[in-house]
Amino acid sequence: MAQDETVWVDDLLAGLDRTGPVPLYFQVSSTLEEAIRSGKLPAGARLENEIALGQRLGLSRPTIRRAIQELVDKGLLVRRRGIGTQVVQGGQVTRQVELTSLYEDLKGSHHEPSTTVLEHDVRPADETTASALGLPPGSDIVYLRRQRSTDKVPVAVLVNYLPMDFADITTQQLEERGLYQIMRNRGVTIRIANQKIGARRAEDDEAELLDLEPGGPVLTMERVAFDASGRAVEFGHHCYRPDMYSFETTLVAK
């Protein structure tokens, strides 16, 4: 089965028990979940719309809608504007709040990350960026803006500011690897970071890049990372699709 094709799930759902005590929406949801996790329904595959699917299976639209929503809530399906309902292999990405990159987290969660470089240039640092990187205002810095996807579904818009030491990083490198991996390959050891997590509404073109409704909610993360000498080597602020991404922390009582 090719990815991005509409799939018909009649055979998968042929064994529904229409007279037993288990609700039909739960049977549909459970069957589709097993098919997604086993690979029978591959990442990128599209399902029929709710009306057509209900008609083909002889089920009501509310039954299909609830079954689909169960899988959307688990991060196994996403609704994409202009495309419909699409399979996401492996479900929502849960990120431990640790000093790792999104690329590494996706790889570690058995997802297939891909990157589109939206902007990559050198520009003067504003006061906020200069302060974060410990530079005089107006100093030249490397500006990166990327769209990160997993299994062909957009997950995040990443904005990073770097000192000019990294001006020779290429667009091809950014498309093929994570930023922290590139830095480590250059001998940079990132030891500590200050990080802030929040939420807001999508701004400018973020909704379009993340396949969200205009003004829809996004998770946010701002980070300043320091190398082993205590020098700031990266300042970033990113936004994430809330249905595809979450942060997880461990809290210890004092």
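# Calls and cut-offs in a predicted chain

The chain has 8 helices and 12 strands. Helices (H or I, at least four residues) and strands (E, at least two) are DSSP runs, numbered from the N terminus. This is a predicted model, in which local features need pLDDT of at least 70 and side-chain atom pairs count only at pLDDT 80 or more, while totals for chains, interfaces and linings use all residues. Residues are numbered from 1 along each chain as its sequence is written, and side-chain values use heavy atoms, with hydrogens and water left out.

Q: Why is tyrosine 25 called buried?
A: Buried means under 20% relative accessible area, exposed over 50%, and partly exposed in between (1.4 Å probe, protein chains only). Tyrosine 25 has a relative accessible area of 18%, so it is buried.

Q: Why is phenylalanine 26 called partly exposed?
A: Its relative accessible area is 43%. That value lies between 20% and 50%, so phenylalanine 26 is partly exposed.

Q: What makes the pair of tyrosine 25 and phenylalanine 26 edge-to-face?
A: Rings of Phe, Tyr and Trp (its six-membered ring) pair if their centres lie within 6.5 Å; planes under 30 degrees apart count as stacked, over 60 as edge-to-face and the rest as tilted. Here the centres are 6.5 Å apart and the planes stand at 85°, so the pair is edge-to-face.

Q: Why is the aromatic pair of tyrosine 143 and tyrosine 161 called tilted?
A: The rings are 5.5 Å centre to centre, with 55° between the planes. Tyr143 and Tyr161 form one aromatic cluster with Phe235.

Q: What makes arginine 66 a charge over the ring of tyrosine 25?
A: A charge sits over a ring if NZ of Lys or CZ of Arg is within 6 Å of the ring centre and within 35 degrees of the ring normal. The charged end of arginine 66 is 3.9 Å from the centre of the tyrosine 25 ring. Arginine 123 likewise lies over the face of tyrosine 143, at 3.7 Å from the ring centre.

Q: Why does serine 29 count as buried?
A: Serine 29 has 4% relative accessibility, which is under 20%, so it counts as buried. Serine 29 is found in helix α1. Leaving aside neighbours within four places in sequence, serine 29 is in contact (heavy atoms within 4.5 Å) with Ala67, Glu70 and Leu71.

Q: How do you know that glutamate 206 is buried?
A: Its relative accessible area is 9%, under the 20% limit, so glutamate 206 is buried. Glutamate 206 is found in helix α8 (residues 206–209). Not counting residues up to four places away in sequence, glutamate 206 touches Arg145, Arg200, Arg201 and Cys239.

Q: What makes a set of residues a nonpolar core?
A: Such a core is a set of buried Ala, Val, Leu, Ile, Met, Phe, Trp, Tyr and Cys residues joined through side-chain atoms within 4.5 Å. Of the 23 residues in the largest nonpolar core, Val9, Leu32, Leu41 and Leu77 touch the most other members. The elements giving two or more residues to this core are α1 (24–38), α2 (50–57) and α3 (61–73). Apart from it lies another core, of 15 residues, among them Val142 and Tyr180.
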